[in-house]
Amino acid sequence: MPIIDRVKYDGPGNVMVWRYPPDNLSWGTQVIVNQAQEAIFFKGGQALDVLGPGTHTLRTANIPLLRGLIAAPFGGETPFAAEVYYVNKAVNLDVKWGTNNPIPVQDPKFGVFLPVRAFGQFAVQVADSRVFV
C-alpha cells in the first residue's frame, strides 16, 4: 500500500463523469486533472472544491500511516470518506439518438397508420461541473 496516493483519469474521452473508486483518500493524495477535465472533491458527502487542470494536493483527515488504526473501530472502513469525481468538459459531438422500431402514427385525413422513424445526433458539453454532478 503506497503512503501517498495518486489519482488520475486516463480512460476513454466519451465518458462524462467518472468516480475514483476508493473513498479512503489520504492526506497528501496527488490529484492530476487533464486539460479538458475538472475534478470535484467530495468530503463527508459535500462538494467542497472544483479542481481545474493541473496537480492538486488533498488535505483530508486520513493520515497515511494511521489509516488502518483509525479504520479498525469502523470495521475497516474509514470514517472520513473523501471522493473525487472527474467531469469531462470537452464537447462530445457524437451522441446519437433515434427510435429502435417504427412508431405507428395515424394519418388524420385517410385514417391509416404510417410507420414513422426518427434519428440524428447532437453535441453535449458540461458548463458547470458542480451542478452537473
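Modeller: Here we go through the cavity and then the aromatic rings. This is a predicted model, where local features need pLDDT of at least 70, side-chain atom pairs count only at pLDDT 80 or more, and totals for chains, interfaces and linings use all residues. Residues are numbered from 1 along each chain as its sequence is written, and side-chain values use heavy atoms, without hydrogens and water.

Biologist: How many cavities of 30 Å³ or more are there?

Modeller: The structure has 1. A cavity is a set of points on a 1 Å grid over the protein atoms alone where a 1.4 Å probe fits but cannot get out.

Biologist: What volume does the largest cavity have?

Modeller: About 40 Å³. Volume here is the space filled by probe spheres set on the points.

Biologist: Which strand gives the largest share of the lining?

Modeller: S7, with 3 residues. Lining residues have an atom within 4 Å of a point. Strands are DSSP runs (E, at least two residues), numbered from the N terminus. The lining includes Tyr-9, Trp-18 and Tyr-86.

Biologist: New topic. How many aromatic pairs turn up?

Modeller: The search finds 5. Tyr-9 and Trp-18 make a tilted one, 4.8 Å centre to centre with 35 degrees between the planes. Ring centres must lie within 6.5 Å; under 30 degrees is stacked, over 60 edge-to-face, the rest tilted.

Biologist: Is Tyr-9 buried or exposed?

Modeller: Tyr-9 is buried, at 10% relative accessibility. Trp-18 is partly exposed at 25%. Buried means under 20%, exposed over 50%, partly exposed in between (1.4 Å probe, protein chains only).

Biologist: Which aromatic cluster holds Tyr-9?

Modeller: One formed by Tyr-9, Trp-18, Tyr-20 and Tyr-86.

Conventions. On a 1 Å grid over the protein atoms alone, a cavity is a set of points where a 1.4 Å probe fits but cannot get out, and a pocket is an open set with protein on both sides within 12 Å along at least five of seven lines; lining residues have an atom within 4 Å of a point. Helices (H or I, at least four residues) and strands (E, at least two) are DSSP runs, numbered from the N terminus. Rings of Phe, Tyr and Trp (its six-membered ring) pair if their centres lie within 6.5 Å; planes under 30 degrees apart count as stacked, over 60 as edge-to-face and the rest as tilted.
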